[in-house]
Amino acid sequence: MASQSGDRTISAARSVLSHLHQALDLQFAFELWDGSLVPADAAADGLRIALAPKALTRLLRSPGIKTVVDLYSTGEIDPRGGTIFDFAERRPKIKSRELRKRLNKMLLLKNAVPLLLGAKDAGARQQEEGLDAGTVADRSSGSRKDDIAFHYDVSNEFYRLFLDPEMVYTCAYFRDWSNDLATAQKDKLDMICRKLRLKPGDRMLDIGCGWGALICHAAEHYGVTAVGVTLAEEQLKLARERIAERGLGDKVSVELIDYRDMKGERFDKISSIGMFEAVGLDNYDNYFQSVHRLLKPRGIYLHHAITRRGKKDLKKFRRKKPEYQALVRYIFPGGEVDHIGWTLTNLESHGFEVHDVEAWREHYARTTRLWAENLMAVRDAAIADIGEQKYRLWLAYLCGVSLGFERGSIGIFQTVASRRTKGPSGLPPSREDLYQR
């Protein structure tokens, strides 16, 4: 009986996948759990998606990006013969409305029954609840410190595997698209310093300082004294070690503190590079009020943050697509992004004068692709550090983000503003010096 049931399940899966392959005009194949290919004449070592016995069943019961991510993370859906980027290049071009016309609903319904019945066991039901709780946390956003720690306290060793030598975990700046990651990240650090108009004697604050690359660069090359704040203990430890190694202890410091809790201090320049995404849409007033309070009159603030495309009204904008929800659920709990119009409105309404806005979308597409390629190159070491399930999630995250930036569904901007005062801002009349080296 078990053999007959298995045969019926294989036959149904083959029938469904053959129809989907034809309807979608797919440029890759499927590999079933018995080793057979759909279509049957596909190359054995070609681009294909391998499916475990219960993968189609789970997709039928709960179609959507969450199920796909779950199945990929556990290896029940496994891209073979190429990378996620290779599959993305050959993704179906057909519109959903046209696909519905092409689908043979009777064929799909007929074969859904054996697929659903073929996986009726306790193990399948348990897996359908999601990822193993002991491996990858599925959690609602807790405190901001907990959310930050969840993302950044994986291990310093893990981040070191795919980042540049300075361990800069934000968008690089490619003066030439052929530049390597290390060069592009150094150019990014220097561009930030130039946009902030740093000069000897300035006191600088970096909110969400990571492993301290920017504040060390600013102190070494621009003669400032710099303070970095973070909520990730792993980052704090390594940042302090690096400051000591470079002999910058008298110029640079890092504190484990929320920027909102900093009292009685004023800074000439403030940077926020890739941390604003963790603030949360409902906390923007508090954020910008805090930055304004910490910045001296005419002081310069550089706001570097990911954005989504704006909608006609805020209610529509707040609706989160399934892929966005998956990102927050698995990788970055508490993460939310605004649109550039909202950024500018908040800056102006909280006492800032906006001077410059620069889009870096294609730079981040390139950055995250290089991170993903680096991570794939050290697969075994990464799995040894964080486990295969988390490795798969991180790889899917980096590839997905890169593709999102490449296609323009997500963006990133650097915005330069100053604490508004009456009269001249003190900035030079031209930006030419920023780009002439």
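**View 1. Lysine 296 and aspartate 268 form a salt bridge in this predicted model.** The nitrogen and oxygen of the two side chains are 3.3 Å apart. Lysine 296 belongs to strand 9 (residues 295–308) and aspartate 268 to strand 8 (residues 267–273), so the contact ties together parts that are 28 residues apart in sequence. Lysine 296 counts as partly exposed, at 33% relative accessibility. Aspartate 268 has a relative accessible area of 18% and is buried, because the cut-off for buried is under 20%.

**View 2. Arginine 392 and aspartate 78 meet in a salt bridge.** The N to O distance between these side chains is 2.9 Å. Arginine 392 is part of helix 19 (residues 388–407), while aspartate 78 is part of strand 4 (residues 77–80), so this pair ties together parts that are 314 residues apart in sequence. Both arginine 392 and aspartate 78 are buried.

**View 3. A network of salt bridges includes Asp78 and Arg392.** Side chains of opposite charge can pair when their charged atoms come close.

**View 4. Aspartate 34 forms a salt bridge with arginine 14.** The closest N and O atoms of the pair are 3.5 Å apart. Aspartate 34 sits in the loop between strand 1 (29–31) and strand 2 (37–38), and arginine 14 sits in helix 1 (residues 2–24). The two residues are 20 residues apart, and their pairing links distant parts of the chain. Aspartate 34 is partly exposed, with a relative accessible area of 44%. Arginine 14 is also partly exposed, at 31% relative accessibility. For the model, the count of salt bridges comes to 24.

**View 5. Helix 12 covers residues 233–245.** This helix has 13 residues. From the first C-alpha of helix 12 to the last, the reach is 19 Å, close to the 18 Å expected at 1.5 Å a residue. The buried residues of helix 12 are Gln235, Leu236, Leu238, Ala239, Arg242 and Ile243. Glycine 247 follows helix 12 and has a positive phi, near 65 degrees.

Terms used. Residues are numbered from 1 along each chain as its sequence is written. This is a predicted model: local features need pLDDT of at least 70, side-chain atom pairs count only at pLDDT 80 or more; totals for chains, interfaces and linings use all residues. Side-chain values use heavy atoms; hydrogens and water are left out. A salt bridge is a side-chain nitrogen of Lys or Arg within 4 Å of a carboxyl oxygen of Asp or Glu. Helices (H or I, at least four residues) and strands (E, at least two) are DSSP runs, numbered from the N terminus. Buried means under 20% relative accessible area, exposed over 50%, partly exposed in between (1.4 Å probe, protein chains only). The expected span of a helix is 1.5 Å times one less than its number of residues.
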